[in-house]
Amino acid sequence: MKHFEGFGLSPVLAKSLARMNYTTPTPIQAQAIPLALEGHDIMGSAQTGTGKTAAFAVPLVEKLLTDPRGSALVLTPTRELGKQIMDIMQQLLGPKSPIKTAFIIGGESMGKQLAQLRARPRLIVGTPGRINDHLQRGSMVLHDTHFLVLDETDRMLDMGFAVQLERIFKYLPEKRQTLMFSATLPKNILKLSEKYMNAPRRVSIGETNVVAKNIKQDVVRIEQDKKYGELMSQLHERDGSVIVFVKTKYGADRMAKNLRRDGFVSEALHGDLRQNRRDKVMQNFRKKNFRVLIATDLAARGLDVPHIEHVINYDLPQVAEDFIHRMGRTARAGAQGSAISFVSSQDGRKWHAIERLLNPGADSGRVDGPKGKPGNSKKSRKSGKRRFRKRPQERLAA
Ligand code: AMP
């Protein structure tokens, strides 16, 4: 499909897409949209930044526009991602749309949400915790929700959210269309997802579990106490917006403070901040009011800030899949990006897990050694399964 026109979408939606300058569908959109319009369940995967949001948002909005009955629910793991998705949905619905929406996330006033829910919204976007609150107090009903989307599916179905999701599924009708999307899909999650879908079509663009190819990767072998100095040099060397991932909320606050002391305008983003503070930080980062965002894995998934040029893994993520998602905060929509990971001698286990995810055929036994080149062992050369698109450049910190 070369143009969106070929999908035969409603005039309102076609107009919105033109307004958004979406003329040509990305590969995941080209494959997923026609299947979704035919009513199939979909398990979709494609690399970060390649247009998964519109792959589910376009058929969802088309359904709302063409079928006066039924409503849709989109579940996301973080409030920030929810906001971003709601924003795309509003753009697709167009100005002054008669279709009412509700945005249901934690950390925001109940009053506004109750008013939105009383107005009988046909589209709800939200995070599982607050949605369950409303379901349990009876202020939200889902019996006519015939269209369900789980974005960042593997995160939504993993242990952290499993209980919440089980509860939500109990309120949903059995007969519905379910779309699931992610850039990473561990096998166990793929299996688990079948429980919630009906004969899903698998739409997979490129390889799953790989870092997008337009990201230049570097690895620096470094000890913990040298990391801050190295970060400063990296920030001095680089222009443009940077996101630095750290392990803890406290660490994020402390680092933002230290960087400000050292002359870099920076802000922290993590789950202990009040929601209006989180909103402000994201708003200012999007507007380029500051250059360096220090974040926990709260910001690892889905966030689309096109001007992020660099990702720095100051600490490695706890979960290997999040490495791929963190990297995906740069190089959005075909742009170039760069990423650097600090790997200390204490990171052996975590780095090994990342290696195994990115290079499933490789013997990563050497990665702990100072000269270990990830995935460059004999075995991986022989198996030919070297899935790091381009070997990360590795060096020892000075
Ligand atoms: P996503 O992976 O959905 O976050 O999308 C990544 C970026 O690509 C976002 O900035 C979108 O606005 C942009 N995008 C998605 N689909 C298209 C399209 N068909 N044409 C132009 N830009 C797009």
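**Entry 1: the domain boundary**

I counted 11 residue pairs in polar contact between domain 1 and domain 2, with both residues at pLDDT 80 or more. I note here that the model is predicted. On the side of domain 1 that touches domain 2, I found that α4 (79-93) and α7 (153-157) each supply at least two residues. The largest share, 5 residues, comes from α4. I sorted the residues of that side into 4 nonpolar, 9 polar and 7 charged.

I then looked up the extents: the assignment gives domain 1 as 4-205 and domain 2 as 215-396. Their C-alpha centres lie 28 Å apart. In contact across the boundary I have 20 residues of domain 1 and 21 residues of domain 2. The area buried between the two domains is about 1,600 Å², and carbon and sulfur atoms give 46% of it. In domain 1, I see that Thr 48, Glu 80 and Gln 84 lose the most area to domain 2, together 34% of what that side buries.

**Entry 2: salt bridges around Arg 301**

I find 21 salt bridges in the structure, and the count between domain 1 and domain 2 is 5. I looked at Arg 301, whose side chain meets that of Asp 154 in a salt bridge at 2.7 Å, N to O. Arg 301 also forms a salt bridge with Glu 152, with the closest N and O atoms 2.9 Å apart. Arg 301 lies in the loop between β11 (292-295) and β12 (308-313), and Glu 152 in the loop between β5 (145-151) and α7, so this pair ties together parts that are 149 residues apart in sequence. I checked burial as well: Arg 301 and Glu 152 are both buried. I traced a network of salt bridges that links Glu 152, Asp 154, Arg 155, Asp 158, Arg 301 and Asp 322.

**Entry 3: two other pairs**

I looked up Asp 272 and Lys 249, whose side chains meet in a salt bridge at 3.3 Å, N to O. Asp 272 sits in the loop between β10 (266-269) and α12 (275-286) and Lys 249 in helix α11 (residues 249-261), so the pair ties together parts 23 residues apart in sequence. Asp 272 is exposed at 56% relative accessible area, while Lys 249 is partly exposed at 37%.

I also have Asp 67 and Lys 63 in a salt bridge at 3.9 Å, N to O. Here Asp 67 is buried at 17%, and Lys 63 is partly exposed at 30%.

**Entry 4: helix α6**

In α6 (residues 128-137) I list Pro 128, Arg 130, Ile 131, Asn 132, His 134 and Leu 135 as buried. Their cover includes β2 (71-75), β3 (101-104) and α8 (159-171). Gly 138 follows α6, and I read its phi as positive, near 80°.

Note on methods
Residues are numbered from 1 along each chain as its sequence is written. This is a predicted model: local features need pLDDT of at least 70, side-chain atom pairs count only at pLDDT 80 or more; totals for chains, interfaces and linings use all residues. Side-chain values use heavy atoms; hydrogens and water are left out. Domain bounds come from an automatic or database domain assignment. Contact means heavy atoms within 4.5 Å. Buried area is the accessible area (1.4 Å probe) that two parts lose on being put together, summed over both. A salt bridge is a side-chain nitrogen of Lys or Arg within 4 Å of a carboxyl oxygen of Asp or Glu. A polar contact is a pair of N or O atoms within 3.5 Å; within protein, one must be able to donate a hydrogen and the other to accept it, and residues adjacent in sequence count only if both atoms are side-chain atoms. Helices (H or I, at least four residues) and strands (E, at least two) are DSSP runs, numbered from the N terminus. Ala, Val, Leu, Ile, Met, Phe, Trp, Tyr, Cys and Pro count as nonpolar, Asp, Glu, Lys and Arg as charged, and the others, Gly among them, as polar. Buried means under 20% relative accessible area, exposed over 50%, partly exposed in between (1.4 Å probe, protein chains only).
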